[in-house]
Amino acid sequence: MPVAAMLQLTARCNLRCRHCYQLRRRLRELTTREWICLLEDLVEAGVLFLTLSGGEPLLRRDFFRIAERARALRFSLSLKTNGLLLDRSAADRIGRLAFLEVEMSLYSSRAREHDAVTGLAGSHRGLLRAARMLARRSVGVVMSTPLMTLNADDVDAIVSLCESEGFQFRMDPSLCVREDGGCNPAALRMDPDQLRAVFSNPRLVNARAARRTARRRSLSDRVCGAGRTSSLVTPDGDVLICPLIPIPLGNVRARSFRDIWISSPLRASVDALTWGDLEGCSACDLMPWCTRCHGNALVEDGCLTGPSRLACAAAAALRDAAGRRRPG
């Protein structure tokens, strides 16, 4: 059974981010009672870590009722939010619930560029206001930055902003295509020179991590934790292996989470995938640098076990950057 689950409480969002991979669909969302029944099901299944996300999860009026029940069941809680609906009262409640972390998306150190990504004027100011309120209540704030052509020249300034505010930060250049295979977000991906610059940046990669960049892999090694360590439940109750493999295993309105997870042949087959099972990947000289995602390969390139152009580009840039960092 997975130790972690992400609950997508809603597909609704108050932003229109240019790179978003989620489709905007009208779903018959689980009711408050259905979410709470699912929480109890997840406890019985042995899940320990819960991430509440969306869309924008705070758009649900019952968000805190669900979160408070999850905390009463002793889950370790995390939250993904854009922060725009957070006021002092909501920040107080999040602080009392002892969220492990609250992850928010920061697209630029500059308000104009950040707001251009979200499509909402003032979203940069609102994000920082919410993050500071949470930090004052001893809530761990993590700024997540999807790296793209729009902020390629802003990496160091974003790091400086986070360091000055006391926020943790994560940066990821892997922009995914939409859930339906639409490639609009892919047009914003960094080019090879920009990727190499990111992977060579000493503020993002310390010396010890740089020495571990090339991984010794066996063809019998599993590729990732999909189907094993984490799971996702969509707003209307579908159980997925991960957010990027949009194939439902079953729906919690019809069967228990545990039954869906244990009985799924797809989950078992994805869990068992090794590097030796991947078509074209097992003999690739980029394998030591590759951080391949089954979901990206499936949605963008049409094959769960085939090469992923996103992973190939990142692995090539990572290899080149590692060569630059090598002494002598």
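What follows is a quick tour of the whole chain, with a stop at one residue.

Keep in mind that this is a predicted model. The chain folds into 12 helices and 9 strands.

| Property of the chain | Value |
|---|---|
| Box filled by the C-alpha atoms, along the principal axes | roughly 60 × 45 × 35 Å |
| Accessible surface | about 15,600 Å² |
| Distance between the centres of the positive and negative side chains | 3 Å |

How much of the chain is buried? Buried residues come to 49% of the 328. As for the accessible surface, carbon and sulfur atoms hold 50% of it. Looking at contacts between residues with a separation of 6 or more, 71% link residues 24 or more positions apart. On the charge side, you'll find 48 positive and 35 negative side chains.

Where does S174 sit? You'll find S174 in the loop between β6, which covers 168-172, and α7, which covers 192-200. Is S174 buried, exposed or something in between? Its relative accessibility is 28%, so S174 counts as partly exposed, because that value falls between the 20% cut-off for buried and the 50% cut-off for exposed. S174 and L52 are 122 residues apart along the chain, and their C-alpha atoms are separated by 22 Å.

Notes. Residues numbered from 1 in each chain as written. Predicted model: local features only at pLDDT ≥ 70, side-chain atom pairs only at ≥ 80, totals over all residues. Heavy atoms only, no water. Helix = DSSP H or I, 4+ residues; strand = E, 2+ residues; numbered from the N terminus. Buried < 20%, exposed > 50% of the residue type's maximum accessible area, 1.4 Å probe, protein only. Contact = heavy atoms within 4.5 Å. Areas by Shrake-Rupley, 256 points an atom, 1.4 Å probe, with all protein chains shown as cover. Lys, Arg positive; Asp, Glu negative; His and termini not counted. Charge placed at Lys NZ, Arg CZ, Asp CG, Glu CD.
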